[in-house]
Amino acid sequence: MNIILCGFMGSGKTVVGTELAKIMGRKFVDTDEMIEEQQGIAIKAIFAAYGEDYFRDLEFECCKKIADMKNCVVSTGGGAMTFLRNVDAVKGSGKIVFLDADFDVICSRIGDSTTRPLFQDKEKAKALYDERKTKYLAAADIVINGNTSARKTALEIAEMFK
């Protein structure tokens, strides 16, 4: 069974996922990295050149691939589990774990990041966070406090899957 991590950017999906995979002796998979490797360019560049719809189709194909994987820890892109088709694609292969981090915690983790285009406008980012949180909660099988350290969060998830 896969453990599929979802949550807003900066919630710790990649850091917690990497740590969790080490603790549990599982393979770590990052959907954004999968897409970048497959396309040969960064996600930011995919958005700029082809638009969001094109990226979301790539993401959906990626979610279908995950469904065929076994015993992986998967970090999904911040928007992936806000689309029902992606949730439906991965649900059968594992449990979706929502890393529920407060917006102010996320802001302190991200800082003034130029690599996060959605974070250039904090008000817009907060509105997106609020909109997505409802969708993460709907998709999730398990909700975890994402405000703690990556190690503590990973240990807590590992304990649930013993």
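Predicted model: local features only at pLDDT ≥ 70, side-chain atom pairs only at ≥ 80, totals over all residues.
Colleague: I would like to begin with helices. How is a pair of packed helices described?

Modeller: Two packed helices are described by the angle between their axes and the distance between the axes.

Colleague: What is the handedness of the crossing of H4 and H5, left-handed or right-handed?

Modeller: The crossing of H4 and H5 is left-handed.

Colleague: Which residues make the contact between H4 and H5?

Modeller: On the H4 side look for Arg56, Asp57, Glu59, Phe60, Cys63, Lys64, Ile66 and Ala67, and on the H5 side for Arg85, Asn86, Ala89 and Val90. Sorted by class, this contact has six nonpolar, one polar and five charged residues.

Colleague: May we look at another pair, H3 and H4?

Modeller: Of course. Helix H3, residues 43-50, packs against H4 at an angle of about 130°, and their axes are 7 Å apart. H3 and H4 are therefore oblique to each other. From H3 come Ile43, Ile46, Phe47 and Tyr50, and they meet Glu52, Tyr54, Phe55, Arg56 and Leu58 of H4. The contact of H3 with H4 has seven nonpolar, no polar and two charged residues.

Colleague: And at what angle do H6 and H7 pack?

Modeller: Helix H6 (residues 103-110) and helix H7 (residues 122-139) pack at an angle of about 130°, with axes 11 Å apart. That makes H6 oblique to H7. H6 passes H7 in a right-handed crossing. Phe103, Ile106 and Cys107 of H6 make the contact with Lys122, Ala125, Lys126 and Tyr129 of H7. Here the classes are five nonpolar, no polar and two charged residues.

Colleague: Next, the nonpolar cores. How many residues does the largest nonpolar core have?

Modeller: The largest nonpolar core has 29 residues, and Phe8, Met81, Val90 and Ile96 are those with the most contacts inside it. Strand S1 (2-6), H4 (52-67), strand S3 (72-75), H5 (84-91), strand S4 (94-100), H6 and H7 each supply at least two residues of this core. H7 gives the largest share, five residues.

Colleague: Which residues does Ile96 touch?

Modeller: Leaving out residues up to four places away in sequence, Ile96 touches Ile4, Cys6, Met81, Val87, Val90, Lys91, Ala139, Ala140, Asp141 and Ile142.

Colleague: Now some single residues. Is Cys63 buried or exposed?

Modeller: Buried means under 20% relative accessible area. Cys63 is buried, with a relative accessible area of 0%. Cys63 lies in helix H4 and touches Met81, Asn86, Ala89 and Val90, not counting residues up to four places away in sequence. Cys63 and Phe103 are 40 residues apart in sequence, and their C-alpha atoms are 26 Å apart in space.

Colleague: Where is Asp30 found?

Modeller: Asp30 is found in strand S2, residues 27-30. With a relative accessible area of 8%, Asp30 is buried. Setting aside neighbours within four places in sequence, Asp30 is in contact with Thr14 and Ser75. Asp30 and Thr14 are 16 residues apart along the chain, and their C-alpha atoms are separated by 7.1 Å.

Colleague: How should I read a phi value?

Modeller: Most residues other than glycine have a negative phi. In this model, phi of Asn71 is near 55°, a positive value in a residue other than glycine.

Colleague: Where does Asn71 lie?

Modeller: Asn71 lies in the loop between H4 and S3. Asn71 is partly exposed, with a relative accessible area of 40%. Not counting residues up to four places away in sequence, Asn71 touches Met1, Asn2, Arg26 and Lys27. Asn71 and Gly25 are 46 residues apart in sequence and 9.4 Å apart in space, C-alpha to C-alpha.

Conventions:
Residues numbered from 1 in each chain as written. Heavy atoms only, no water. Axes fitted to C-alpha atoms, helices over the stretch in contact; angles between N-to-C directions. Helix = DSSP H or I, 4+ residues; strand = E, 2+ residues; numbered from the N terminus. Parallel < 35°, antiparallel > 145°, perpendicular 65-115°, else oblique. Left-handed = near helix turned anticlockwise from the far one by under 90°. Contact = heavy atoms within 4.5 Å. Nonpolar A, V, L, I, M, F, W, Y, C, P; charged D, E, K, R; others polar. Core = buried A, V, L, I, M, F, W, Y, C linked by side-chain atoms within 4.5 Å. Buried < 20%, exposed > 50% of the residue type's maximum accessible area, 1.4 Å probe, protein only.
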